[in-house]
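Okay, thanks for coming, everyone. Let me put the sequence and the model up on the screen, and then we'll walk through it together.

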Amino acid sequence: MSMQDARPESFATARKADALLNAMSVDIEDWFQVGAFETVIDRSDWDQLEHRVERNTEAVLALFDEAGIKATFFILGWVAERYPALMRRIAAAGHEIANHGYDHARVFTLSPDQFRADLDRSRKLLEDSSGQKVMGYRAPSFSIDQRTPWAHEILAEQGYAYSSSVAPIRHDHYGWAGSPRFAWKPVPQSGIIELPVTTVKLGNRILAAGGGGFFRLLPYAAYERSIRKMQRDDGHGAIFYFHPWEIDPEQPRVKDAPIRSKVRHYTNLNRMRAKLLRAAQDFKWGRVDELAALEAGLLR
């Protein structure tokens, strides 16, 4: 389904029903490819490590089937290159295939030409393996920020309809504090929109509320209250994300990782699946391209 084919209900209708459309997304990367471990696991060692991304993504597909959710899968080209049949299964199940870069290199570590090459390589692998046109992009570790003023322009040049690559918060791992909290047009005279990961405003503070570690580490009630407050105060759907490794409590442990990284990565892995199913019941979910189509209409 393309953005043009998506026909989500209007915000006005959704508000009346207390059922704003929210976007469910999964960043497809293996347990050893996360930003938290990039200083202790070398890319040259990846193929020698135990690969769990296929089985974990299959578990995510089963969860979505149980919950009746169609979602967006932001996938590394590295994964598509090694598991092309998995790409076809994701597409055949009705989910959106979107680009997460080739090997999880943060955008601000690349030059503009390197970024173009990364996009070209990963998009070709995704499209060739899935048979689906790729129109969405998410930067690894939400790494489009004030250091990469050229990134959105390159995405626009390459015909992407949307990016979901900005975290408008202060964080030791990522973030672009002060950037817009909701959909915005980063390139004048272009149709591309940026859909930032969801935040909630508490007083003068902007806090993460879009899933990932926030969702896994804190009580479910904190997430539910945050999203309902954001919807009530701001009238937008949420952009939610998680990773397949987050529902895999049996994954290998990285002993040499910093303590903070280990706490963030391993806490509550055994509770994540049940929390996701609860969120599936409590909110209305769709693909990111569906919410992008809705938001793009409001920005015209």
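Let's start with a quick one: does Gln189 count as buried or exposed? At 84% relative accessibility, Gln189 counts as exposed; the cut-offs are under 20% relative accessible area for buried, over 50% for exposed and partly exposed in between, with a 1.4 Å probe and protein chains only.

Before I go on, the ground rules. This is a predicted model, where local features need pLDDT of at least 70 and side-chain atom pairs count only at pLDDT 80 or more, while totals for chains, interfaces and linings use all residues. Residues are numbered from 1 along each chain as its sequence is written, and side-chain values use heavy atoms, with hydrogens and water left out.

Back to Gln189. Its phi is positive, about 70°, although it is not a glycine. You'll find Gln189 in the loop between β5 (162–163) and β6 (193–194). Strands here are DSSP runs of E, at least two residues, and helices are runs of H or I, at least four, numbered from the N terminus.

Now, His104. That one also isn't a glycine, and it has a positive phi of about 65°. It lies in the loop between β3 (96–99) and α5. His104 has 3% relative accessibility, so it counts as buried.

The axes of α4 (residues 84–92) and α5 (residues 112–130) come within 8 Å and cross at roughly 70°. Those axes are lines fitted to C-alpha atoms over the stretch in contact, with angles from 0 to 180 degrees between N-to-C directions. So α4 and α5 are roughly perpendicular to each other, a label that covers 65 to 115 degrees.

Who's touching whom? Pro84, Met87, Arg88 and Ala91 in α4 meet Leu126, Ser129 and Ser130 in α5, contact meaning heavy atoms within 4.5 Å. That set splits into four nonpolar, two polar and one charged, where Asp, Glu, Lys and Arg are charged, Ala, Val, Leu, Ile, Met, Phe, Trp, Tyr, Cys and Pro are nonpolar, and the others, Gly among them, are polar.

Zooming out, the protein chain has 11 helices and 10 strands. Its C-alpha trace spans about 50 × 40 × 40 Å along the principal axes. Of the 300 residues, 57% count as buried. And for contacts between residues at least 6 apart in sequence, 76% join residues at least 24 apart.

Okay, that's my tour. Over to you!

Definitions and conventions. Angles under 35 degrees count as roughly parallel, over 145 as roughly antiparallel, 65 to 115 as roughly perpendicular and the rest as oblique.
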